[in-house]
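I opened the notebook with two things to look up.

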Amino acid sequence: MATLVTELDLPGIDPADPELKGDRWHVAANGLLDSGKWLAQGPLSLVVIDREAGEFFLRSRSAEFPGRLIADLFGIKDGPLRDQVDANIINRSGDDHRRLRSLVNPALTPRAANRWRPVMREILEGLWEELETKEFDFVSRFSRPYPSQTIARVMGAPAVDASRLHDWSEWIQRQFDPIALSDPETVETVQDKVAEFYAWVDPLIEERRGTPADDLITTLIRTEEEGEKLSDQELRNLVLNILVGGVDTTQSQLSQAIRLLAAAPDQWGLLREDPEKMVPQAVSEVLRFEPVTAFTARQLVEEVEYRDVTFPAGTLLVVCSFTGNRDPEAFGDPRDFDIAAERGKTRPLTFGAGIHYCVGSNIARAELEEGLRFLAEKVETIELNGLTELQAVSGIYGIDRMDVRIQPVSG
Ligand code: HEM
């Protein structure tokens, strides 16, 4: 007979611990792997350690992303933020979700993402030209402006609005972060930011209806599935989801990439030696080794039995991509950061799995690849230069500030 999950003896971890970052995070997560267990117990949820089990719960039809539950827990019952939570693609399931995905997927295929690579390079060139010194904060000079300027161009927003897009993304993303939501003032601000975003995007959509352009908003307006189009509500929320999903994540992953590579000069050398081969591999390795989406959550809508364990309906599970991405059978020597390692074909859990698998993964990969390629061509050496202010791993595992010193390629 299956064992009830509450009867298991599990190691403990608190995914919402604000101190979980940097080495401390690696020690804690590797400790879970060393426990030999595939589940851990957190204060509010179970934590799934193992890759295969993580994929199982992410793919399960008996599990949903608990976005509405999180909103309820923090008293977000109405207002623009609540409207947005209810409409968010991540909180939809079944036919409803399938329809939204089939409408948005064509705009974000690998081919569609590749079309934006020249724009990405142009943005990077602009940021490079603005640099006046060899010592600077990488986050404010590259990681922050680059994805928001890219998304502005992809969406068809005026370039001058990129910094506002960035601000909205960072704030609205906090709807997923329990530490941030426990502060009522933050909730109020997020409510205001969603309202501001809607007030900004509605006229832009209206304008594109009259004057189509070569951008994502126009593509979404035009997209039809079996004669069906997106409603205005769906369209403004999808644009918001793409903004919120696409800026803070990519910015944080680029920062983490540079943090890892700056701390490993031999790896930077490998990247520079053969960018054609090594850039895509480096991006895969960074995504695997230091996923900025270290945790994502699911709630069971009905009882589930898995590996001889019964999980009652309502159980909350947090799937840990960091530990999942260290599955030795799938990834070889998984605790090493090595951009030259052959890791096989298994997908890491960084972009999720199943129906909610990151819809922007092709854009994200293209942005990260172009970012690393550009820097590998321009920068002979890069090192960390004092301050690195890491955020907690609980939301998006970002970096507030990271001082670096570079030696540009001469000539
Ligand atoms: C390195 C960058 C990124 C990472 C690590 C990342 C990670 C993820 C993860 C883990 C999920 C699934 C969450 C779950 O199932 O619980 C997801 C979904 C999503 N991502 Fe990303 N993402 C990134 C970039 C982007 C970009 C660039 C966009 C938009 C262009 C985007 C838009 C979305 C959207 C809209 C969803 C929800 C999809 C759905 O519910 O069907 N993401 N992302």
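I count a polar contact as a pair of N or O atoms within 3.5 Å. The model I am reading is predicted.

Entry 1: I started with His356. An N or O atom in the His356 side chain is 2.6 Å from an oxygen atom of the ligand. I then looked up Arg298, where a polar side-chain atom lies 2.7 Å from a ligand oxygen atom.

**Entry 2: the shell.** Which elements give two or more residues to the shell around the ligand? I find α5 (94-104), α14 (232-246), α15 (248-262) and β6 (295-300). The largest share is from α14, with four residues. I list 25 residues around the ligand, and His97, Thr296, Arg298, His356 and Cys358 come nearest. By class, I have 13 polar, ten nonpolar and two charged residues in this shell.

**Entry 3: the second largest pocket.** I noted its volume as about 680 Å³. Its lining has 29 residues. Nearest the centre of this pocket I find Ser284, Thr346, Arg347, Pro348 and Arg365. Two or more lining residues come from each of α17 (275-289) and α20 (361-378). Which element gives the most to this lining? I have α17, with six residues.

How values were computed. Residues numbered from 1 in each chain as written. Predicted model: local features only at pLDDT ≥ 70, side-chain atom pairs only at ≥ 80, totals over all residues. Heavy atoms only, no water. 1 Å grid on protein atoms, 1.4 Å probe; cavity = no way out; pocket = protein on both sides within 12 Å on 5 of 7 lines; lining within 4 Å. Points joined across faces, edges and corners; volume = space filled by probe spheres on them. Near = heavy atom within 4 Å. Polar contact = N/O pair within 3.5 Å; in protein donor to acceptor, adjacent residues only side chain to side chain. Nonpolar A, V, L, I, M, F, W, Y, C, P; charged D, E, K, R; others polar.
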